[in-house]
Amino acid sequence: MELRGKLLDVSGLKVSFYTYRGVIKALDGVELWMDSGERLGVVGETGCGKSVTSLAVMRLIEQPGEIQAGKVIFNGKSLLELSEENMNRVRGIEMSMIFQEPRSSLNPVMKVGYQIGEAIAKSKKMPIKKTYPEVREMLKLVGLDPDRVMNSYPHELSGGMSQRVMIGMGLATHPKLLIADEPTSALDVTIQAQILELLDELARKMGNAVMLITHDMGVVAEFCDKVMVMYAGNSVEYASTVELFERPLHPYTGGLLLAVPRVGRTDELKAIKGTVPDLVDPPSGCRFHPRCPRVMEICKENRPPLVQVEPGHFVACYLYGNEGEVKENA
Amino acid sequence: MEKTAKVSRPFMDDLKHTAFLWRRSRLTMIGSVIIVIFLLIAAFAPLIAPYSPVEQNLSIKLQSPSWQHLFGTDQFGRDIFSRVITGSRTALWIIFLVSVISGSIGIIIGVTAGYFGGIVDEVLMRITDMFLAFPSLVLAMAFAAMLGPNLTNTIIAISIVSWTTYARLSRAEAIKVKSQPYIEAIRAAGGGNLRIMFLHVLPMCISPVLVQLTLRMGTIILTAASLGFLGLGVQPPTPEWGAMVSDGRNFLIDQWWISTFPGIFIAFVVLGFNLLGDGIRDMLDPRLRR
Amino acid sequence: MPDTLIKIENLKTYFPVKKSILSKKLFVRAVDDVTMEIPRGSTFAVVGESGSGKTTLARSVLRLIEPTSGKIFFDGSEILRLKGKDLLDVRRKMQIVFQDPYNSLHPRKLIKNIIGEGMKIHFKITENEIRDKISAVLKEVGLRDEHMFRYPHEFSGGQRQRIAFARAIVLKPKFIVLDEPTSALDVSVQAMVLKMLKDIRAQEDLTYMFITHNLSLVDYIADRVAVMYVGEVVEMGEKNTVFNHPSHPYTDLLMASNPIPDPKFQREKRLLKGEIPSSINPPSGCRFHNRCPHADQKCASQAPEMREHAPGHFVRCHYPL
């Protein structure tokens, strides 16, 4: 099979969580791809599976969740087939991740310098003490004063500073891909702007790709080259950022963009009617059909596959003449 | 995972989830089975016991276990099996009353302290600390000795030493709950302190206290048995396991059965409550409850 | 001069912090000398980042937190002096909707009881009348009668915010504080809730104080806006004036940091440097001087007063833009 992305290609990814309410089909055939050095925005609302996708790519899904099907090809390796030991060599070295709550992702009882040193030591197989010069470089790179921060504990840092430390830790091993899961959602707007600027600057310098997971269309517009829109565990639309904002094809993407408030906009915001579906018992056919203003008969029965309708613009919607359907395997 | 609208009652939902977790834990199931058996024995004690638990017959004293007397007889010729079975009622009665009394005292003191804070909290909690400063068994002995040994006083003595746990627990819960926006909303609507405390904060403290009560039921039996063993608890001829173990002390070498069977029952029931309590605690662990 | 519903004068709310027994007593100066007027029937937005004191301000106005000093007038009466029945009456007229829909409704109570609680406190009415009123208010916020007998966890975030709002308006208040009412909601849901808020304000002749960190919402919902920074209001005025001609450097940079959902929109990158200072020990002089691109000696030593830069447009800056 030909890969759509040279760095990362995720296809048919399915993840389920087993709970007392039944099986939650958190991801149901997710498609995702990236080239080296690219910035991909993965957007969607609560429960669309964007965070689960990133965890699944890192193979960090824990009980009661399970990756059930799909392929994750990263840098020529099929990640879901690697042994845990080999996966450990990918995780945190070739691919690393930062989270929404930077302070809870740092160990509260260890000094910041040591924690970054640990990440480098793991990839270079050297004692932590010897990594300190490199750690200081890294701290300088993320805009912190090494003399002050090296020997601080996480609680002595503000939210913005902790996120800088996390970014330093994530990039210390020169990974090819940095996955950022809502990295600025817990931060104030002025600090958010600083962090996005930093991610941008570092990605340019170090040449890593960034997968930015967010619910904020403004952040996507400012930061990303390409966007994947997710809804209820499915990938529904993929295009370059400019194209997507200019000509959204999927009714969900269109609805989402009309609902976003912005400075200078005082006309009525348009909401999408209905609510996000319960993934224990998702709607038949296209997951969006009960809320879709342009629903057709076929949408209720078949689930549209994600296909290319124009160069570089993929959409999973029957409005654009997609034939075929996603195979539902029980 | 996602927070979509679920259509069900919280109680039924809780129950279903609890049942789901319960089935996954074998030890909890074993604990539950022991407790159910214990409850059944207590409920049907008069039907199960073949002889009167108190009637003495010195002509058959100190007989070893046989088909006639499953657990043998004691120094007064009473059937130990019947006494052990009937003793389960005493134990259950003590557990029930102690839980109700100490639970209510604890929750009221705890919620008051936690809700008002400041000087009220300070005073109530220092009183609690005073009770906690003594080993609970020693304190219970002192109270039992002071009040005089009988069933009622045993219950009072154990209640007096065991409310502290629930007070601290409900205080912590009340402190957490009182700053929640849903309580602030009632204050914003003009609700007074007493209304908020009793109608809105207190109900939130009940379930953690109930869990803690189940966890401590084993301890209650042990304390009651210890008091009985020391002669400070339930008085003869009422069958009480601790007192029965104590009765057999002098005969332990030759007539082992007098002490052993009630001892085994104490051990099993305490084990049952502990397994169940641990299970319940795990089930309510928010990390499992998602 | 428009009719003023709420007038706040020199309001200060400090919280003591325990540092150690030996050091002298320190205070978090959460709200420090705030003065503002909210015209009847308008939406007054208070914008700020974390630590700006916007939430403390909201709670102080409702006396959910007792202010340290200052005056608050509601419809002419000074509420910080009220007691007993008069206070209860003002409480009914001023309501609040909280930020997090997941813990602003009592988890163990039916919706009927959550909405009805306030009515039981304030009105002498029968269960049946309460039922009728709840049923009417549920309809008003876009929910149905049968929702009365459900528990909060059965609702989505957007629905819960509607319930919280129903709880507020059922008491027929005049003034509602909306403390980031949509920040926990998804955008598609947020749009619906905002629209409902706007519609009901017009219908019921309400006045809103809308607390938010999101500038984009302000433009949609507010008439007037106050920008707060470390406990102080730094700029205040008509929304259009403030947005079109931000005069305080902080407002200006705050707006420049706000991401615009339009990839084609190219703007000059202007970042606000540094971190938000602590309100325990705020910077000397102008509290913004250490991050301000235009600051000089005067800013570091002398605290600027709030001044009317243009009619109805107030700025706390020595050198307004």
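This is a predicted model: local features need pLDDT of at least 70, side-chain atom pairs count only at pLDDT 80 or more; totals for chains, interfaces and linings use all residues.

Modeller: Residues are numbered from 1 along each chain as its sequence is written, while chains are lettered from A and ligands numbered from 1 in the order in which they are written.

Biologist: Which order do the four strands of the open sheet in chain A take?

Modeller: They run β2-β1-β4-β5, with antiparallel pairing. Strands here are DSSP runs of E, at least two residues, and helices are runs of H or I, at least four, numbered from the N terminus. Two strands pair if DSSP finds at least two bridges between them.

Biologist: And which are the edge strands?

Modeller: β2 (22-34) and β5 (77-78) of chain A, each pairing on one side only. Further in, β1(A), residues 8-19, and β4(A), residues 65-74, share eight antiparallel bridges. One detail there: V15(A) has I67(A) in β4(A) as its bridge partner.

Biologist: Which helix packs on that sheet?

Modeller: Helix α1 of chain A, residues 50-57, which touches β1, β2 and β4 of chain A. Its direction makes about 70° with that of β2(A), using lines fitted to C-alpha atoms (for helices, over the stretch in contact) and angles from 0 to 180 degrees between N-to-C directions. Contact means C-beta atoms, placed from the backbone, within 7 Å.

Biologist: Switching to chain B: how far apart are the end C-alpha atoms of α4?

Modeller: They are 53 Å apart, which agrees with the 54 Å that its 37 residues (80-116) should span at 1.5 Å a residue. That expected span is 1.5 Å times one less than the number of residues. Just after α4(B), G117(B) takes a positive phi of about 65°.

Biologist: What does V201(B) touch?

Modeller: Leaving out residues up to four places away in sequence, its contacts include V111(B), Y115(B), A174(B) and I196(B).

Biologist: OK, chain contacts. How many residues of chain B are in contact with chain C?

Modeller: 21, against 27 residues of chain C. On the chain B side, α8(B) gives the most, with seven residues.

Biologist: And how many residues of chain A are in contact with chain C?

Modeller: 37, meeting 34 residues of chain C. Here α8(A) gives the most to the chain A side, with six residues.

Methods
Two residues are in contact if their C-beta atoms, placed from the backbone, lie within 7 Å.
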